[in-house]
Each structure stands twice: as structure tokens, then as C-alpha cells.
Amino acid sequence: MKGRIIVAIFAIGATLGILVYVWSVGGFGGDQEVDEGGDAVVAELTGPFDAEIKLDASVTYQTIDNFGASDAWSMDPIGKHWTEENKNRVADLLFSREKGIGLSAWRFNIGAGSAVTDRNIIPDPWRRAEAFKMTEDGEYDWSKQSGQQWFLRAAKERGVETLIAFVNSPPVWMTKNGHAQPDASVGSTNLKEGYEDKFATFLVDVLEHFREEGLEFQYISPINEPTWDWNNAWQEGNRYNNEDLRRVILALHKELKERGLDAQISAPDGVEITALLDNEYFTKFTKQAMYMGGANNLGMGKYREYIKELLGDPEMKEAVGNKIASHSYWSDYSRPGDDRLGELRDLLAANLRKYDPEAKYWVTEYCILGDYGPGRDLGIDPALFVARTIHFDLTRAGASAWQWWTAVSKVDYKDGLIYTDFNNVKDEQNILTSKILWTLGNYSKFIRPGAVRISLTGLDEEARSGLFGSAYVHEGEQMVTVVFVNDGQETERVKVDLGGLAANVLEMHVTSADHDLEHVEDIEVRPDGLLAVEIPPCSIVTLYGGLDH
């Protein structure tokens, strides 16, 4: 049987110019031998090597569900106002494995109606959203959010396997202040008291409609970043203390069951890892008694300890399954005494296992925030920063899914995969791809749903800079993926032992200052499963080929 093998090599550093060298079989000065037929080339692998890596497919970790992004909120104006040609170009870049990065998940925002009610408090029209139902007694208008619907269909048509509906705020007619964001007067949440069942009915109505349209959502996320207070947020949002959250999730679970929908609830979409942790794990990391960020300072209840609330309560766990969904904001660095890349993620994984050894973790939103966030940068440096974050989410937190925030951005910030300067109907519809887009593609295009992370040894697991690595095997497609991250400034000479996985030729796909996920080389693997590669600084490399059995 012939399947596929992928070896993805990610090299990260500070130098912009790179040149990648790969010795097909000899590597670093080995003498080549050619058989009498002149076909196979065999050579000794001679060092020195900076690292010698070995895979072990008998040791397994998490199963990968998807890599994705969201449509908030730019896809609606783009879908409404751009030409079919340009919309298809964007869709191909996001969803196609042949023409783009082959995302396997797409997050569709169910709007609250701020496009009508909140023009004065959300100044940027690209941050408002329409709603399918604008009054309690009104009819549904399925023509709304038409631009988002165009891209939802485009994702499905291009083979995206997982569709996720998510909500930032309940519809404005369900909120206490009539807006799609709270203010200081509304209390613990902006959802009207006793409206949990109506909110659930609304969400399931939306899911049913799209199922009838052939666009079935596999997941529904009813709450987004419940910890944040969201007052004067300039976007749709809502806070929920833990009791509010419980009522919303249980009402939705009941409605889904009664109406026979298979969509799973994704929750809590926490704002940051520290908000998820039990107090004891939070204290281990911070030496503080409990997380007090966001709305915890309002004196209106508890907005933290989501792992305990969802997985430690049998009724809640029945509603959400064994999955915790959250965001990696403010968790993308390591400093002395504040090791968020390593220690924080280790504590997260341990906290999850406390309640369920099979607990699953999804990163459902990330972009670069903090001091590094401001300023659009299409280049390789922010892409390398993101690649390192993805690596630690996958290897230390054990993430089964990894999803970027907004797919297309028009602002001067590091929040987009694709950028445009289009703002009004008559503006040029330009499409600017970022290195972050292509870096995500080095993962999403080749590590497909169903791949399982396996053991990779030979690197310093305590390093927060230098050379990192991870490996994945897909039993169904018979492929293996090896990912290296090198954020040093020197080229790394690496010998890779595929651990008994037989391969002949591997394609080499490079993202760097000079390449956008480009197929630059074919590499011949030795009969003993060894290969050698030079990994330059500032590059992301995927090696892709077939397994022979």
C-alpha cells in the first residue's frame, strides 16, 4: 500500500535573508554512490550535525482535529462588495490545498444586529454585524450576513471539513441595554434575565436553517471570552459569570437534543489560558490566590476556573463533552519567572488531565496582541513569532485544533492572514498576503484532520529558543509530519531518522522572506530512513512525500 509522508521543518530566527540547502541523500559532504542502473543515489550521512532527531510512532499524544480561521468581520463587506473573481481569489488562498493554505475549519460569526443599533458606539462598520432576526416577534431574514454566507459556501465547496458557528453577543432584542455590548449598568451579563431558552432557540433555528441549505455546522460556540467585561468595547461582545454561563450552555444543550441536531457545544472560548485554570494551578504559576482579570473585578460573581466549571461538573461535561476551547492571547512569550510558552501550558495540560485523561484542548482564536501587535507587517518576523506560538500550543498544551482570529484585515495591526486597503465600495480591492498566512499553511495544508502527534526525541525540551520539533502520523492517509522550529540566528544541520517509516522522495515546501509556501526541492530519502537537511534561520519548511509498505 502506498500512502503519504510529510516532514515539515520550521526554522525560525531573526535574519531575513535565507538560502535553503538540502542534500538529497548524501548531505554535508557524504560520498555519493550510484547503482549500475544509474537510478538510486546512496551516500553516507557525515556530520557534524547540530541535532539528530528520531521519531517513535509507538508513543502517541493528541489527535489533530483542524486548523482554521474566522470570518469576523471583514468577510461580510468583502463578500457583498467585491467582484466574484477577487472573492474567489481570497477563498482559494484560505481554503484550497492547491492554490492556498487548505484550512480545515471555518468559524462563522452569528451577528447580534449591531449594524442597526450600535452605529454610534461601534464607529467602524467593519466591526458591526447584522442579525438574522432583529425583533422578538419578527421574522427571520436569511438574506442578512450575505457576504459571510458567500464565504461559508466557498469554504464548504473547497473541502473545509469543520464549520463552527460562534456568537459574540446575543441578538440586541435579547440584551438588557438593547445593544450588542454591555455597559456598567447591566450587571453580571447583558442577556436579559430568563432569556436563556429564547437564546438557545434562536441559535438552533440558525443551525437548522443552514443545515437545510447544505451547510451543516459541526460546532456551536454560544459564548465568547466571558471573562472580559466588554464595556465600551467597540465591537460585539458580552460577559457571563459562571452561573450565567451555566444557564446558557445547559439551555442550548437541551434545545439541541430536543431538536435532534448533532452540533457540539464549544466552550468557553476563554480569553487567555490563565482564566481557565483551577485556583491551585493558577497559584502554582503566578503565586497569586486566584485569577482576577477582566470582569472578576466587578463584584458580580466568578469569571474564571472554566476547566473546573465545565469538566468538573457532570451535567456541564455532558453538555460540552471533554473539550475546552480557549484563546492564546497574552500567552505567547517566556520571560524569567513568567514562562507562558512552557510552564503555563504544562499546567494547563495537567489541569485538564485532572478531570479527564482524554480531555481535549482547542485554540479557537489567536493573533498577536500586546506591545508587538500594533503595526501591519507582512514580513517573516511576525510569522516566525506565530510559528513558535503554534508549536508550543501543539506540543506543550496538547492542542487538537488551532484557529487564527480574523482571516482578512484592513487595519494597521498584526491580526490578519490576508490584508486589504479596501474600506469603501469604490476602493481598490487589493489582496495582500502575509507571511503569517503562508506559515499557517505549512501546518494546515499538510497536517490534516485525524493526524496524531507522536514522539520526537533529540532536542532540548526545556529550550525556549533554538531548535524545537514535533511529529505527527496520519493512519488513514498513511502520512507523517515532522515540524522543527529554529528561532536562533544560525543555520541548523539536522539528521532525521524516520523511525522505520519507509519513504523514497519528499517534496520540500518553504515559507521564508523569499518564498511563500513554495515547492522548491525534491529530496531523496536513504533506504534506511535517514535524511539530512540544513535548516536556515527565519524559514518554515515542509517536506512531503509518500510512504511505501
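User: What volume does the largest pocket have?
Analyst: In this predicted model, where local features need pLDDT of at least 70, side-chain atom pairs count only at pLDDT 80 or more, and totals for chains, interfaces and linings use all residues, the largest pocket has a volume of about 860 Å³. A pocket here is an open set of points on a 1 Å grid over the protein atoms alone, where a 1.4 Å probe fits, with protein on both sides within 12 Å along at least five of seven lines, and the volume is the space filled by probe spheres set on the points. Residues are numbered from 1 along each chain as its sequence is written, and side-chain values use heavy atoms, leaving out hydrogens and water.

User: Which residues are closest to its centre?
Analyst: Of the 34 residues lining the largest pocket, the closest to its centre are Tyr61, Gln62, Thr395, Gly398 and Arg453, where a lining residue has an atom within 4 Å of a point.

User: And which strand gives the largest share of that lining?
Analyst: Strand E19 (452–457) gives the largest share of the lining of the largest pocket, five residues; strands are DSSP runs of at least two residues, and helices are runs of at least four.

User: What about the second largest pocket, which residues lie nearest its centre?
Analyst: The second largest pocket holds about 450 Å³ of space, and of its 20 lining residues Arg127, Trp230, Gln235, Leu369 and Trp405 lie nearest the centre.

User: Switching topic, at what angle do H2 and H4 cross?
Analyst: The axes of helix H2 (residues 84–95) and helix H4 (residues 146–157) cross at roughly 50° and come within 10 Å.

How values were computed. Axes fitted to C-alpha atoms, helices over the stretch in contact; angles between N-to-C directions.
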